[in-house]
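Here is a friendly briefing to read alongside the model. Take a look at the structure first, then follow the points below.

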Amino acid sequence: MSIQVEAVAKRFVRNRREVLAIDNLSLEIESGEFIALVGPSGCGKSTLLNMIAGILDCTAGRIVQDGQEVRGVNTRVGYMTQADSLLPWRSAEANVWLPLEIRHVSRQQRAERTKALLEMVNLSGFGKHFPNELSGGMRKRVALAQVLAYDPGTLLMDEPFGALDAQLKLVMQDELMKLWERTRKTVVFVTHDLAEAITLADRVVVFTGRPGRIKLIEKITLPRPRDVFRVRFQPGFQEVFERLWQALEGEIRKGEAL
Amino acid sequence: MSISQAEGADVGGPSLSRAVAEEEIRVAQRRRLLLVAQVAVGVVFLLAWQLAAGPLIDPFFFSSPYEIGAKLVDWIRRGELFDHLFYTMYAMLMGFVIGGLAGFVVGFLFGRYDALATIFDPYITAFYSLPKIALAPLFIMWFGIGIESKIAMAAIIVFFLVFLNTYSGVRDVSAVHLNAARIMGAKEWQLLRIVIAPSAAAWVLAGLKVSIPYALIGAVVGEFMSSNRGIGFKIAQASSTFDTAGAFAGLFVLAIVGILLSAIIKAAERRILRWRS
C-alpha cells in the first residue's frame, strides 16, 4: 500500500486572490509505514491528505497509490478527519457498520464485526448511543472503529486526537500504536504536536509555511514496540525533538511575522 | 437507553437512581399540572361563551356551545358528518401526498444541482409570490367541480412549502459527511439514503408540519367555490342560510382534524429525530 506524491502543487482561488497552498511537493510513503506530517498551520498538510483521499484534485503533479493514480474520491483509504464525521442520526454501532452496509454485507456479519470492533476500542455497551450522547474521546474511538470496519490498507488521520485532553490523547495514542503493531497498515498522520509525531511515527516530515514544501524528513529510530507513556524519556527522544523543533520553529516564526 | 447508560462507567452508581426517580416524579407532576391548565382554559372559554350567549351577545350571529354541540350530534345522527369529513380529508390528504412528494423531488434536485436552482430561481420566486388561492377558478376550469380541483388546490400549496424546506435541507447537508460516505465507498445513489435524506429530514418534517393547515385551507377553499360535499361546503351552506351553529360546527370539526394531524406529524418527528435529544 505504497503512496507516491509526485511533484504535487495545489492552487486555490479565493475572493479573487490566488493562494498557492502546496508547491512542488514529492514524497514517497512505503507500504506499512507510519508517517507523520507536521508544520505550521496553513502549510497544506490537510490539503495533502485531502488530495490523497481524492476529495481535492492536484493542480500539478500526481498521486499514485499502489501503481494506480488517484483520480476522484479514493475508496482505497480510510480517512479520519479533523472534523467529526460521524453521522449524528446513527447510533454508534450503526456508524461503525456504515461502510459494511454500503458494501451490502449481511446484517448478521455486520453486527458481529461491529461488536468486535467496539470491544477493541473499549466501547462495548455504548453501541446504541447516539454520537451526541458520547464524549469527544468516545466519538473519536467510534470513528476509528468505523474506519477499521472495512479494513482499508491505508489510514489517513488528520489531527485525530487534536481536540482531546492530554491524558486521553495518550490513551488513544496507545490504542492506535497497539493496533498498528498488529495490522501494519500504512498510516499518514497529520498533527501539530511534535511529541506525538515522534512517539508514533517511523518518519516525521516537517513542512515549510505556505506554500507547503518539505523542509526536513527525520527518521525516528526509537525501538518498537514503543510505550507511548514512556517513550519521551528514552535516550534519543530529546535530541530528535530539538532537531525537529529547530526546523519547525523557524517556519512558525516566519508565519507569525507575516 | 437509561439502562445501558447506568451501566456506563461515567454515570454514577446506584445512589443516582433515587435522584433520577425523584426528578422523574417532578417532571411528571409538572406535566400533569400543565395538562389540567390546558383543559381549564378551554372549559372556562366555553362556559363564558355559553353564559354570555343571550344576555350579552346575540346568539343569532354567534350561536352558543350548546347549540353547536347539538348541531354536531344532529349531523352525526343523520350520518352526514363523516361523509363530508371523509370527502374533505381525502382531498386534503391526496393533495398533501402529491404536493409533498413533488415538492420533495424538486427540492432535492434543486438542492443537489446548483445550476438548476439558479436557472429556475426567478420563475419559482414569481410563482411562489402568487396567492395560490387565486388559482382556484382556473383549477375548477381545468379539473372540474369534482374532488380533483380540491386536490390540486391543496397540492399546489403544499408543494411550495415542502419544496422550499427540502431545498434548504439538502443545501444544508454537510460536505464532511458526504465526503466521508464517499470515501467509505458510497455511490451517488447511496448518498441519498445514507446522508442526504436523514440530514434533510428535520427540514422536510418542518415543511410537512406547516403544510397541514395549508392543505386544509386548499381543500376547504376549493369546496367553498364549487362543491356539494365536504366540510367547506357545509360551512358555506350554513353561513348562507344564517345557520351560525352549523358554521361553527364545521369550523370545530376542521380544528379537531388539524390538531390530530399535527399530533401525528409531531409523533413522527419525535421518532425520526430521536438522535437530537
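Which residues of H9(B) are buried? They are His177(B), Leu178(B), Asn179(B), Ala180(B), Ala181(B), Arg182(B) and Ile183(B), where buried means under 20% relative accessible area, exposed over 50% and partly exposed in between (1.4 Å probe, protein chains only). This is a predicted model, in which local features need pLDDT of at least 70 and side-chain atom pairs count only at pLDDT 80 or more, while totals for chains, interfaces and linings use all residues. Residues are numbered from 1 along each chain as its sequence is written, chains are lettered from A in the order in which they are written, and side-chain values use heavy atoms, with hydrogens and water left out.

**Helix H9 of chain B**
- Seven of the nine residues of H9(B) are buried, so this helix is largely enclosed by the rest of the structure; helices (H or I, at least four residues) and strands (E, at least two) are DSSP runs, numbered from the N terminus.
- The cover over its buried residues includes strand E6 (77–80) and helix H3 (98–102) of chain A, along with helix H5 (81–112) and H10 of chain B.
- At the start of H9(B), a side-chain oxygen of Ser174(B) comes within 3.2 Å of the backbone nitrogen of Val176(B).
- Gly185(B), with a positive phi near 110°, follows H9(B).

**Where the chains meet**
- In chain B, 26 residues are in contact (heavy atoms within 4.5 Å) with 30 residues of chain A.
- About 2300 Å² is buried between chain B and chain A, with 67% of that area from carbon and sulfur atoms; buried area is the accessible area (1.4 Å probe) that two parts lose on being put together, summed over both.
- Ile183(B), Met184(B) and Trp275(B) supply 35% of the area that chain B buries against chain A, more than any other three residues.
- Glu101(A) and Arg193(B) join their side chains in a salt bridge at 2.7 Å, N to O; the term asks for a side-chain nitrogen of Lys or Arg within 4 Å of a carboxyl oxygen of Asp or Glu.
- The count between chain B and chain A is one salt bridge.

**Two further residues**
- Met225(B) lies in helix H10 (residues 188–225) of chain B, and it counts as partly exposed because its relative accessibility is 44%.
- Thr186(A) belongs to strand E8 (residues 186–190) of chain A, and its 1% relative accessibility makes it buried.
- The C-alpha atoms of Thr186(A) and Gly32(A) are 4.2 Å apart, although 154 residues separate the two along the chain.

Note on methods: Polar contact = N/O pair within 3.5 Å; in protein donor to acceptor, adjacent residues only side chain to side chain.
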